[in-house]
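Reader: Could you take me through this model? I shall ask as we go along.

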Amino acid sequence: MKILVCISHVPDTTSKINFTDGDTKFDTNGVQFVINPNDEFGLTRAMWFKEKQGASVDVVNVGGPETEPTLRKALAIGADTAIRVNAEAKDGYQVAKELAKVVKDGGYDLVIAGRESIDYNGAMVPGMLAEMVDANFVTNCISLEVDGTNAKAVREIDGGKESVSTTLPLVIGGQKGLVEESDLRIPNMRGIMMARKKPLNVVEPNGASTETGTVKFEKPAPKGEVTLVAPDNLDELVNLLHNEAKVI
Amino acid sequence: MSILVYTESENGTFKKAAFEVASYAKAVADQMGTSVTAVAVNVNDTSELGKYGVDKVLNVSNDGLAKFNAKSYASVLSQAAKQEGSKVVVLSQSADSKYLAPLLSVSLDAGYASNVVAAPTSTSPFTVKRTAFTNKAFNFTTIDTDIKIVGVSNNSFGLVENSASASSEDFSPEITSSGVTVESVDKVTDKVTIADAEIVVSAGRGLKGPENWGMVEELADVLGAATACSKPVSDLGWRPHSEHVGQTGKPVASNLYIAIGISGAIQHLAGINASKVKVVINTDPEAPFFKAADYGVVGDAFEVVPQLIEKLKAFKAANA
């Protein structure tokens, strides 16, 4: 089985979010970048397939040279080959279109992406990609088993979950549950050393266009001070929620 | 030319989000000087949509659509958009709508903006305000394609009533087969879901063990709220993963979010920040949640929560 894991290069959760160039671009100054958490659950599940069932695992990212350390980390975790599509990621459609070419050229059976990135939160690349390469698609995926060309997956739905059966080729929008937090792997020294020698292939983009554009970013208005209510005066809390906040 | 809106239902009845997206579609239609057409799948009575500004309902009644299937449902909407010549398609951000939207986007060659929280700031260029960076910023985005898809975040726009009434006609699209088959659905049906809830009551490790969740559920019952939990609580197996809210769990955008014994890690706050009013109950006055909350009680949850339940019961009785 040939697996491709899509890796988004995103600011670490604890990063301060600021914007530059007239609030049109994310300010990367002093920001630590990581593998998108939803993608990391997928990568770890891919490693499980590789070790237990036999599979090759490639990772791919659409981005500039600054995203290579994130791909190297994925190699250090155990992926075989990394591919970087040398283009600035501008919107979900453009990224999906670039990835579609990688998927077609590489003949992948299973593509695992995160359900959404924690920066743009578009939640659209996996589904668009599936549609573009005519593969089956399951998102919000919290469990995945593959047997030959058959797959069984569990999707989280509002208020519960749903079990589905499908076949390869398949695109997954993954999240926590594909593996648990405790299954995530921290690259060890040997992995890091090996990752330096593994291929990281840079491919030129096919010049996909965008469908959407960013006009500007804006930060939410700063929040006011918390109103404290004494624990022996809960009538006041009920009063505030009813008369001031008007939520009950 | 009309604005097309996908009004979701469950067991033959509209979800609340259906009325919210209908209200949103009506606002867009007014801006663009056109009407609203809704697509309803296997709904018994669609008349209520008129109240939220829908002019015409396309009624789809088909056993092949009894279970939600993203590919088949996307195809139904695609055919409806083509029939109506719609340039804007509006849908909610439920798990199902988020699943089908990217498929619809490719089939209609339509740009898609997700997590939209306000009516378009401009219709030419078509510009919407959406959340990004897991609720730490807003992103004003243009959709540059001829057809546009807008995913409206639940509880962001609200319900707007109109005095109109909706006409209804049968719509019989071709049902596309899908390579994904639903085998079974495991769903709690007697509880409010986190996605639909106006109020969410959430608890963390401060509750010391799963045996102490009775009061959380009782508080949720009194308020008609959904229950949720922090990540450590779901990792420890005290509560099901489906209740985990936060960055890697479910997002919450309720009107009221009550956090009990949750310190407020940045990953947690990122996931719940879209809630309008936040209340925190925690013994530790230094807990980061107090900086993110609107109202706070510094106190022991085991004393505060039972009292709060009694006060709320009295309040409900007095205001019934």
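Author: Let us begin with one helix. The face of α8(B) turned away from its buried side carries B:E310, B:A314, B:A317 and B:A318, which are exposed. Helices (H or I, at least four residues) and strands (E, at least two) are DSSP runs, numbered from the N terminus.

Reader: Before going on, what kind of model is this, and how are residues and chains labelled?

Author: This is a predicted model, in which local features need pLDDT of at least 70 and side-chain atom pairs count only at pLDDT 80 or more, while totals for chains, interfaces and linings use all residues. Residues are numbered from 1 along each chain as its sequence is written, and chains are lettered from A and ligands numbered from 1 in the order in which they are written.

Reader: Thank you. Which residues of α8(B) are buried?

Author: B:A301, B:V304, B:V305, B:L308 and B:L312 are buried in α8(B). Viewed down the axis of α8(B), the buried residues fall within an arc of 90°, so they line one face of the helix. The arc is that of the directions from the helix axis to the C-beta atoms.

Reader: What do the buried residues of α8(B) pack against?

Author: They pack against α6 (234–244) of chain A, together with α4 (214–223), β16 (256–260), β17 (277–282) and β18 (295–298) of chain B. Two residues are in contact if their C-beta atoms, placed from the backbone, lie within 7 Å.

Reader: And what span should α8(B) have?

Author: Helix α8 of chain B covers residues 301–319, and at 1.5 Å a residue its 19 residues should span 27 Å. Its end C-alpha atoms are 26 Å apart, which agrees. The expected span is 1.5 Å times one less than the number of residues.

Reader: Turning to the contact between the chains, how many residues does each contribute?

Author: Chain B gives 74 residues and chain A gives 64 residues. On the side of chain B that touches chain A, the largest share, 10 residues, comes from helix α3 (residues 95–108) of chain B. That side divides into 35 nonpolar, 26 polar and 13 charged residues. Here Ala, Val, Leu, Ile, Met, Phe, Trp, Tyr, Cys and Pro count as nonpolar, Asp, Glu, Lys and Arg as charged, and the others, Gly among them, as polar.

Reader: Which strand of chain A is joined to β18(B)?

Author: Strand β15 (residues 227–228) of chain A is joined to β18(B) by 2 bridges, and the two run parallel. A:T227 stands opposite B:Y295, and A:L228 has B:G296 as its bridge partner. Two strands pair if DSSP finds at least two bridges between them.

Reader: What is the strand order of the sheet?

Author: The order is β15(A)-β18(B)-β17(B)-β16(B)-β14(B)-β15(B), an open sheet of 6 strands with parallel pairing. Its edge strands are β15 of chain A and β15 (226–229) of chain B, each of which pairs on one side only. Within this sheet, β17(B) and β18(B) pair over 4 bridges, with B:N282 as the partner of B:V298. Strand β14 (residues 199–203) of chain B and β15(B) pair over 4 bridges, and B:A203 stands opposite B:C229.

Reader: Now α1(B): is this helix mostly covered or mostly open?

Author: Helix α1(B) is mostly covered, as 12 of its 17 residues are buried. Among them are B:F19, B:V21, B:Y24 and B:V28. The elements covering them include β1 (3–6), β4 (36–41) and β6 (88–92) of chain B. After α1(B) comes B:G33, whose phi is positive, near 65°.

Reader: Finally, how many helices and strands has chain B?

Author: Chain B has 8 helices and 18 strands. Its radius of gyration is 21 Å, close to the 20 Å that the globule rule gives for 320 residues, so chain B is as compact as a globular protein of that length. The radius is taken over C-alpha atoms, and the rule is 2.2 Å times the number of residues to the power 0.38. Of the 320 residues of chain B, 58% count as buried.

Reader: And chain A?

Author: Chain A has 6 helices and 15 strands, and buried residues make up 50% of its 248 residues.

Technical notes
A residue is buried if 20 or more other C-beta atoms lie within 10 Å of its own, exposed if 12 or fewer, and partly exposed in between; C-beta atoms are placed from the backbone.
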